[in-house]
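Please follow the explanation below with the model in view.

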Amino acid sequence: MSDIKVKTAPVQGVNGGSASHLLEIENLHVEFRTRDGVAKVINGVSYHVDAGETLAVLGESGSGKSVTAQTIMGILDTPPGFVTGGSIRFRGKDLLTMGKDERRLVRGEGIAMVFQDALSALNPVFTVGFQIAELFRKRRGMSRADGYKRATELLDLVKIPAAKARLRDFPHQFSGGMRQRVMIAMALALDPEVLIADEPTTALDVTVQAQIMDLLAEIRRDRNMGMILITHDLGVVADVADRIAVMYAGRIVEQADVHNLYGKPCHPYTLALLDSLPRLDLKGQELNTIKGLPPNLLRVPSGCAFHPRCQMARDICSTQRPALIELGGVRSSACHFAEELYGRE
Amino acid sequence: MSEVILEVRDLVKHFPIRQGIVFKRTIGQIKAVDGVSLDLHKGETLGIVGESGCGKSTLAKLLMNLEKPTSGEVRYQGRDVLRLNPADQRRLRRNIQLVMQDPYTSLNPRMTVGDIVGEPFEIHPEVAPKGERRRKVQELLDVVGLNPEHINRYPHQFSGGQRQRIGIARALALKPEVIVCDEPVSALDVSIQAQVMNLLDQLQNEFNLSYIFIAHDLSVVRHIADRVGVMYLGKMVEVGTDDDIYIRPTHPYTQALLSAVPVPDPTARQRKAVIRLEGDVPSPANPPSGCRFRTRCWKAQEICATEPPLLQIRPTSGHPSACHFAQERDVVHAG
Amino acid sequence: MSSPEVATPTAEAAPMPVTPAVVESAPKKDKPRSLWTDAWYELRRKPLFVISAIMITIFVLMAAFPSLFSSVDPQAADLNRSLTPPDFGSWFQFGKQGQFGFDLQGKDIYARTIYGARASIVVGLSAVLGNMLLGGTFGILSGYLGGWTDTLLARFGDIFLGLPFVLGALVILSTFAPVQDSPSALRITSLVIMTFIALGWPSFARIMRAAVLSTKQLDYVHAAQALGARPGRVIFRHVLPNAIAPMVVVGTITLGGYIGAEATLSFLGVGLREPVVSWGIMIGDGRNYMETAPYIMAFPAAFLAIAVLSFVMLGDAVRDALDPKLR
């Protein structure tokens, strides 16, 4: 699955962009203007996703991974958040320059999103059936009865037992895992081509997490959707992703396909992150740690943002910001010593 | 093995479900902890794992005497903690301390770090005379890797990992023997998690502490625990050394749990045994009869519905396992 | 509260829910900064707060030292000057009279308006403080102890809460101080204050109870209990300081409301009455001369409106500062 160039989006009214990717983010900049100053939350992030593949965006809190997703969906809180540059092209059309109405159509039908906290993402005062049926009525002009029928099908699709009966339940009457399934059903309602899953299983137990990840993978396969999985969990990523983009302080520091990234990380941050992870299958002694704290986005360190925490840091790192260097294939790394790391045994 | 310092016997905690406004009727019981026994040896780390609703956090509260158990005993150095007079209980509190999950809610936002870490001394003034307290607090901050000069700062001026260190310093203040850690790293970022776990390791060696380490993250527990207990719906289903649990698990639930943990290694995708449990954990208000896991278990037979399996060593399991059909199965395939 | 520089308030207060990293970062300054200090910084930068605080300071000064503002005796009546219109020429000239005109009995309206502030501030402030004390105590007891204490206090409070405020006050006041009576200034003032407290404490108790209930669930309260802290310590060190903010906010806003309510009752004749000087009484006096001498009513009414508004605005500002999440 890592060979992404082969797979192009299913031809279905491709307008504009020729050999473009299904969803392509280029040089995106977002800042938060706060009382305390301007926090550069995203500083030139570029990634793309094609039909049928899973891109994992990996990062710790504050790395900008969720803000990128919010910007794609157009649900960034403005203020304080402002897009200050870049483009987000879906099927070749830039979402950022498109009119409000057009963009709303893309939301749901083109790109849909699954959130971490299903309880707060669903409206507590309406039944689940009503919320899904309403979507069909509003966006597809269906009758109420047809809407409910489609809602039943969707709940069936996400494997909620006794789907028809459960349409009458309110969100709080579902367990955490089931609620997440409901949200996935809602995201799928309008047949999106790209699904963004923002920490979809962080709030769930491991056994339920496994079920949900299986479900997402299955749906992605069946519908040939592109999926962006946003997470901090290196384990989940290893299980489902095709390609990975690692983010730190609002930049992508490393991009690679899944096997290469875990097999031979080419950025000190990725390397350190993998080393600091307790493993189920290994009983280690002391864990390697990354010293210090994630940077304050109001005062991002000069040069490479990771340099104060980096074990490999040299003088150049504090003065010069490393660019994302291509390392052959789909991999790239933003480190002055990337080639050194790439060349090692 | 070294001496047992904390013994728990048949601990039960049922929360009544009440209805009504003025006259409340009890209409049911949530069986949060339902007959848990365990031993904690001096200097060891006992990991308790389980999913949400299994009762592990209630267990922590019971051990800390923050909740009164419905029945059962907690014995510290042979004395029943729950039947001590108030003065003895307060003295005993000094020896068992708690580190909590959420570094954002576990520190009083209106107190300075010095006041927070020094509060144990105010509650137990006999431990340190007034004049020495400030110095002691600074020592503690130093021990957990914080700058002692930050004594006058407030919690919101620290990051999550640093706050967790403050919580640990507070727990260390009275020189306890046992620390109950309730999900101490689950709210932290990966890079910070390792720092806090290493700190806990190092403090254990330094002060000969015994930990009860409660977590839902099996990898974290694997790293830190000497022995592990697996809980499901208020019951302990399997107990053993970490290798017993992680390499030779015999209870189907433990096996399913382990197989569900994603391993940060894409090559493990093919290698790993995949056991997918169906559905969710049943409500603790109305647990299944017999074995509580039977509704999600692929091995369930008639006997499982009628006879609750005892947590004991079985012919097919070298360590205590509460399954009628206990069978060793390596699902992790440790390298 | 001294004024260290305001350059870098904590990131925590910044409205940035999606970027916890900003919160994660350790601040650069070594100044200890409590949440109250933060609230104070926050407040000082708000025009709403500054304006209302200035207004309130002026009103409080009027109440405490009315002679600073007017050298005229508010009770001195001279029928020769009855219903003299305002003399705008004498504005901003201390010692002169008649800036706001004279009422029916020839009393100086300006002096009376100034002296009227005292009744409003005293009644409002004492009633709110009493409410906080009584309601707050009951609220803490209900919230912290729970069980039967809670049920009993809640039902008891509901009885008072069920009474419409004005009706309740009318009933109480007309029973203890019938309209035809003329009680002493002290007696009638304390009666009005006690009426407000009797009718007001249940709402304060409810707010406090809710705040205590949510605070006592928090981990740091459990942490203190786990250390062996006694209930008194838990309540005063951990619960109360963290649960008091909502009551402070409501108290400030209610203060404005009480000043208005005091005027309403005085206007109706059951509240404050002569010899007390109060805006409500003045408005009541002026109602028959609305057309011929509108100034009798206009000036005290304007002061009343500004005072009420100032307190409500202050309450809003304080709420924003204490709880940034509500913004």
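Two strands are said to pair if DSSP finds at least two bridges between them. In this predicted model, strand E4 (residues 71-76) of chain B is joined to E5(B) by two bridges, and the two strands run antiparallel. Within this pairing, Arg75(B) has Asp80(B) in E5(B) as its bridge partner.

Four strands make up an open sheet in the order E2-E1-E4-E5, with antiparallel pairing. Strand E2 (25-41) and strand E5 (79-80) of chain B each have a single partner strand and stand at the edges, so one side of each is left without a neighbour in the sheet. Helix H1 (residues 56-63) of chain B lies across strand E1 (4-19), E2 and E4 of chain B, and runs at about 115° to E1(B).

The explanation now turns to the interface. Chain A contributes 46 residues to the contact and chain B contributes 43 residues. Together the two chains bury about 3800 Å² between them, of which 56% is on carbon and sulfur atoms.

What joins the chains through polar groups? Between chain A and chain B, ten residue pairs are in polar contact. Across this interface there is also one salt bridge. Asp214(A) forms a salt bridge with Arg276(B), and their closest N and O atoms are 2.3 Å apart.

On the side of chain A that touches chain B, the elements giving two or more residues are helix H7 (176-188), helix H8 (206-223), helix H9 (234-240) and helix H10 (258-263) of chain A. The residues of this side divide into 21 nonpolar, 15 polar and ten charged.

Methods: Residues are numbered from 1 along each chain as its sequence is written. Chains are lettered from A and ligands numbered from 1 in the order in which they are written. This is a predicted model: local features need pLDDT of at least 70, side-chain atom pairs count only at pLDDT 80 or more; totals for chains, interfaces and linings use all residues. Side-chain values use heavy atoms; hydrogens and water are left out. Contact means heavy atoms within 4.5 Å. Buried area is the accessible area (1.4 Å probe) that two parts lose on being put together, summed over both. A salt bridge is a side-chain nitrogen of Lys or Arg within 4 Å of a carboxyl oxygen of Asp or Glu. A polar contact is a pair of N or O atoms within 3.5 Å; within protein, one must be able to donate a hydrogen and the other to accept it, and residues adjacent in sequence count only if both atoms are side-chain atoms. Ala, Val, Leu, Ile, Met, Phe, Trp, Tyr, Cys and Pro count as nonpolar, Asp, Glu, Lys and Arg as charged, and the others, Gly among them, as polar. Axes are lines fitted to C-alpha atoms, for helices over the stretch in contact, and angles run from 0 to 180 degrees between N-to-C directions.
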